[in-house]
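Here is a walk through one protein model. Have the sequence and the coordinates at hand, and follow along from the inside out.

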Amino acid sequence: MAQSREKIDPSEYELKDTVVNISRVTKVVKGGKNLSFSALVVIGDGHGVVGFGIGKAKEVPSAIKKAIESAKKALVRVPMKGSTIPHPILGKFGAGAVLLKPAPDGTGIIAGGAVRAVVESAGIHNVLTKSLGSANHHNVVRATFAALTGLKDPALIARLRGKDVEELVGA
């Protein structure tokens, strides 16, 4: 089932940004080495809208600013069931994979670095996660987004199947 991504207007939301990673990158050229910085930033409103972006520049603040602008163009809406996710899911990108599992109230966010930043920005308060494979920040963030975009809303699935949500999910 191909999921159509709706265009989300960033001006409608009060977005908070979180810098996940800043890398110093060098490009070797004929005259020596060119130094620049790469920033990975996650933004979200804390109520189900989240996005990430990458920016590169000669200075760190410029790289972060570029990453935020990039993240605003890539916002996605995350279906939620209360303060957790509707069902378990595995997101993959490259050599990285992230497993997300719903958790009962009071569990909190059981997640490491990059996954925690994404899940907190999305506004998910109770979730169990496990990062499998690559520990690279970029791959982990992309794998987490693959998982979050792959989540299905129970109400939508029930409507497609012609059933009640209670019939589909259970008590």
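Start at Leu-148. Setting aside residues up to four places away in sequence, Leu-148 touches Val-50, Val-78, Pro-79, Leu-100, Val-118 and Ile-124. Contact here means heavy atoms within 4.5 Å. The model is a predicted one: local features need pLDDT of at least 70, side-chain atom pairs count only at pLDDT 80 or more, and totals for chains, interfaces and linings use all residues. Residues are numbered from 1 along each chain as its sequence is written, and side-chain values use heavy atoms, with hydrogens and water left out.

The largest nonpolar core has 28 residues. Val-50, Leu-100, Ile-124, Val-141 and Leu-148 have the most contacts inside it. A nonpolar core is a set of buried Ala, Val, Leu, Ile, Met, Phe, Trp, Tyr and Cys residues joined through side-chain atoms within 4.5 Å. Buried means under 20% relative accessible area, exposed over 50%, and partly exposed in between, with a 1.4 Å probe and protein chains only. Two or more residues each come from S2, S3, strand S6 (96–102), helix H2 (113–122) and helix H3 (137–150). Apart from this core lies another, of 12 residues, including Ile-43, Ile-64, Ala-67 and Ile-68. In soluble globular proteins, nonpolar side chains tend to be buried together.

Now the overall plan. The protein has 5 helices and 8 strands. These are DSSP runs, numbered from the N terminus: helices are H or I of at least four residues, strands E of at least two. From the N terminus on, the order is β-β-β-α-β-β-β-β-α-β-α-α-α. The C-alpha atoms fill a box of roughly 70 × 35 × 30 Å along the principal axes. Of the 171 residues, 40% count as buried. Among contacts between residues at least 6 apart in sequence, 58% join residues at least 24 apart.

Turn to one of the sheets. Four strands form an open sheet in the order S1-S2-S3-S4, with antiparallel pairing. Strands pair if DSSP finds at least two bridges between them. Strand S1 (16–29) and strand S4 (76–77) stand at the edges with a single partner strand each, so one side of each has no neighbour in the sheet. Strand S3 (residues 49–57) meets S4 through 2 bridges. There, Val-50 stands opposite Val-76. Helix H1 (residues 60–72) lies across S1, strand S2 (32–44) and S3, running at about 140° to S3. Axes are lines fitted to C-alpha atoms, for helices over the stretch in contact, and angles run from 0 to 180 degrees between N-to-C directions.

Is Ser-36 buried or exposed? Ser-36 is buried, with a relative accessible area of 16%. Beyond its neighbours within four places in sequence, Ser-36 contacts Ser-23, Arg-24, Val-25, Ala-57 and Lys-58.

Another open sheet of 4 strands has the order S5-S6-S8-S7, with mixed pairing. Strand S5 (89–93) and S7 stand at its edges, each with a single partner strand, so one side of each is left without a neighbour in the sheet. H3 packs on this sheet, touching S5, S6 and S8, and its direction makes about 135° with that of S5.

Follow the pairings across. S5 and S6 run antiparallel, joined by 5 bridges. Lys-92 has Ala-97 as its bridge partner in S6. The hairpin of S5 and S6 has 2 residues between the strands, and Gly-94 takes a positive phi near 60° there. S6 and strand S8 (residues 127–133) are antiparallel too, over 7 bridges. Gly-96 pairs with Gly-133 in S8, and Ala-97 stands opposite Leu-132. Strand S7 (residues 109–110) and S8 instead pair in the parallel sense, over 2 bridges. Ile-110 has Leu-128 as its bridge partner.

Finish on helix H3, which holds Phe-145. At 6% relative accessibility, Phe-145 counts as buried. Leaving aside neighbours within four places in sequence, its contacts are Val-50, Gly-51, Phe-52, Val-76 and Val-118. Phe-145 and Phe-52 are 93 residues apart in sequence, yet 8.6 Å apart in space, C-alpha to C-alpha.
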